[in-house]
Amino acid sequence: MTTQSSNTLAVPDSTGSRGTRIIGVLALLSMAALALFGLVLSPPDASQGEVVRILYVHVPSATFAYIGCFLTTFGSAMYLWRRSRWWELVAYASAEIATVFTAIVLVTGMIWGRPTWGVYWVWDARLTSTAMLLLLLLGYLAVRRLPADHEVRTRRAAIVGLLLVPNVMIVRQSVQWWRTLHQKPTLLANGVGAKIEGLMLFSLFIGFIAIGLVFTWLLIHRFRLAWLEDQVDEAGLDVAIAERRAEGAAS
Amino acid sequence: MLHDALLIAGKDLRLELRSRVALNQVLPFALLVLVLFAFALDPDKSALTQATPGLYWIAVLFSALLALQRSFAIEAADGNRDALRLSGLDPAGIFVGKVLAVSVQLIVLEMLLGIGVAVLYTTRIEGWGLLIVTSVIATASIAAAGTLFGVLAAGLRVRETLLPLLLLPVLAPVLIGSTRAFEAALNGSPSEGWPWVGLMSVFALLYIVAGVLGFGPLLEES
Amino acid sequence: MVRLRGAVALLGRFPALAGVDLDVEPRRVVLLRGANGAGKTTLLRTLAGLVAVANGEATVLGVDLVADRKLVRHRVGLLGHATGLYDDLTVGDNVRFWGRAAGAETDDVEHALTRLGLDGRLRSVAVSRLSAGQRRRTSLACLIARRPELWLLDEPHAGLDQDGRDLVDALVREATAAGATVILSSHELDRSLQLADEVITIAGGIVTRDESSGAS
């Protein structure tokens, strides 16, 4: 039973550590700074007015949603190539957080769209491909959470995860052509991609830091949780083998 | 690999010839979808004719889902997966063989569905070159992605619900591309259609490579 | 031929084999005995390279199963509970498909069909219309057509009539005469004990008794 006791020693009883507590405090502080700069100190936009403030959350969320997708694909590749369970858990944890961030992007985008375009939803290339991204991520999570053996779930999910970024790229390309071949991308010109400077740029910068810290904090905690779940599964194995052998010896 | 692929494709097609599931069930379903579209969209207004390419490919896509479910249902029964793993067949060959068999069935279905559209929706068919190339590439894309996700969902209790969830978002570019290319061909401006054929070729290539490499690992640990 | 040392095999999280030691010499017939759930089927599937060896050592036909168990698969013939046949294809189509998949020639396929008495009317009957015993015969024909070096038979006598069971025994003797090795599990003890050179008893996923019977 030595392996079992060493397992209990190696496994901590929470997903927090000094590192995550520091990141957590920094995330809270930067969120407060984001609220201050984004809502109070920065001026309204010349063409968009007050609505522009939601972009300080929207744009960084989109960026980190994409980073999450890349981590999922990279982690899946490392799992398939090197059999690295560590990377498999990174892929899983990032996919979950990328899903949350993609949902935030969609919701904030729709809230931003209502006053800007007059409707919650237009078949804009970016909105559409973000919606498709959410569906692709949900597909990955559906496979990863299958009611099946651990090995079956992780291996099949890794194939889906590996194809995630190539899929996103092809979907984006097709959706972009689909919209732009028929109408000019006028909405984009004064939309998310519009030029900003001064205090507004600085607010956006703070937005990146705040959202980035939240992303990192969530990712570390989610990863550690998944790791602990794995350890719990693993710890039972020695006992199961001993019980099975005893059953044989008794007969 | 080619020998194994032809063996598998031959077996799947022979099985279809004997059981006639695609002929007796999938094809009528596809035609039924065409009729349902006419009920949903008033056929006297121009909506139906304008939407014809999209409706055609939606009908193909849904029929393809049924054909793919069938393609893996025949391997799901009674230890076939074990037998395939023990057979010594190259997994890449199994993948290519199943893609071939599904593609052949889909091409036949598309031709009959095309006749159905021409008759029921009085579509005048033009731009044959683009139509044929689009059909071949789109079919290869659907079959390749469908076979990869088909084996991914195979052997699970939730396979019927999982396959559409995984496959349909992934096939969105193929639906957009084949529809636009058909529109371009029917409108007499095929030059607008060829970039879509290019995009779908990239898609088909990606999934054929992924299938050839990934089918082995997916066949294990069922 | 077969050498296992402390082999552990998992079905999900359940250790179906909990450290098996086993040695089988070439051209022997080995009978596996044990209650239901003892691990007989998992042991046969592990030897066929289907189930991963999670711990310990395992070598079959010179192939290290821990390193790459796929390499052994096309050289063994496994007769399991599930038949692995396509219901909508005929008996002849099934045997030809599985035989050719393993690289068999037309002659091997014909020989297998004839040997199992499937060359007549039954040849062109769909498998879905066969009785359980006839399915068993078709599976055996697929196995023979592969010409395996190691036969793994999981209750080969089950579901067969008197003639069929005699035929199984005859096939096993022919196989060892031709140089193959046979490992079988069976609840038909009288019949199997006559056939077997060695009897291995397993329980709780381990070998509890290892003995030779008759001439060894």
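Two strands pair if DSSP finds at least two bridges between them, and strands themselves are DSSP runs (E, at least two residues), just as helices are (H or I, at least four), all numbered from the N terminus. With that in hand, Leu79(C) sits opposite Leu153(C) in β7(C). Keep in mind that this is a predicted model: local features need pLDDT of at least 70, side-chain atom pairs count only at pLDDT 80 or more, and totals for chains, interfaces and linings use all residues. Residues are numbered from 1 along each chain as its sequence is written, while chains are lettered from A and ligands numbered from 1 in the order written.

**The β6 strand**
- β6(C) and strand β7 (residues 150-154) of chain C run parallel, paired over 4 bridges.
- From strand β6 (residues 76-79) of chain C, Val76(C) and Leu78(C) point one way, Gly77(C) and Leu79(C) the other, and all are buried (20 or more other C-beta atoms within 10 Å of a residue's own, with C-beta atoms placed from the backbone).

**Chain C overall**
- Chain C has 8 helices and 10 strands.
- Its radius of gyration (over C-alpha atoms) is 17 Å, close to the 17 Å from the globule rule (2.2 Å times the number of residues to the power 0.38) for 216 residues, so chain C is as compact as a globular protein of that length.
- Buried residues make up 51% of the 216 in chain C.

**Where C meets B**
- 21 residues of chain C are in contact with 18 of chain B (C-beta atoms, placed from the backbone, within 7 Å).
- Helix α4 (residues 91-101) of chain C gives the most to that side of chain C, with 5 residues.

Definitions and conventions
Two residues are in contact if their C-beta atoms, placed from the backbone, lie within 7 Å. A residue is buried if 20 or more other C-beta atoms lie within 10 Å of its own, exposed if 12 or fewer, and partly exposed in between; C-beta atoms are placed from the backbone.
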